[in-house]
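Open the model in your viewer and get ready to select residues. We will go stop by stop.

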Amino acid sequence: MVARLRRELLALSAVVSRHPYWETVEAGKRVDQRMALKHVHEQDAGAGRAEAA
């Protein structure tokens, strides 16, 4: 099961990293943008908590 999940993660990572969107981002900013993408779920969760309060 772990091996299957790793294969899926690798396949999804390749899809995301090769997506045509990245050609629209300035080359020097791509790493920062990809790092920000990794944390989008944290921002969404924070917004949900703020709305609930």
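Begin with the rings: the structure holds one aromatic pair. Select tyrosine 21 and tryptophan 22: their ring centres are 4.9 Å apart and their planes meet at 70°, so the pair is edge-to-face. Rings of Phe, Tyr and Trp (its six-membered ring) pair if their centres lie within 6.5 Å; planes under 30 degrees apart are stacked, over 60 edge-to-face, the rest tilted.

A word on the source. This is a predicted model: local features need pLDDT of at least 70, side-chain atom pairs count only at pLDDT 80 or more, and totals for chains, interfaces and linings use all residues. Residues are numbered from 1 along each chain as its sequence is written, and side-chain values use heavy atoms, with hydrogens and water left out.

Stay on the pair. Which partner is buried? Tryptophan 22 is, at 6% relative accessibility. Tyrosine 21 is partly exposed, at 40%. Buried means under 20% relative accessible area, exposed over 50%, partly exposed in between (1.4 Å probe, protein chains only).

Next, select valine 16. It lies in helix 1 (residues 2–17). Valine 16 is partly exposed, at 40% relative accessibility.

Finally, show the whole chain. How many helices are there? The chain has three helices and zero strands. Helices (H or I, at least four residues) and strands (E, at least two) are DSSP runs, numbered from the N terminus. Of the 53 residues, 4% count as buried.
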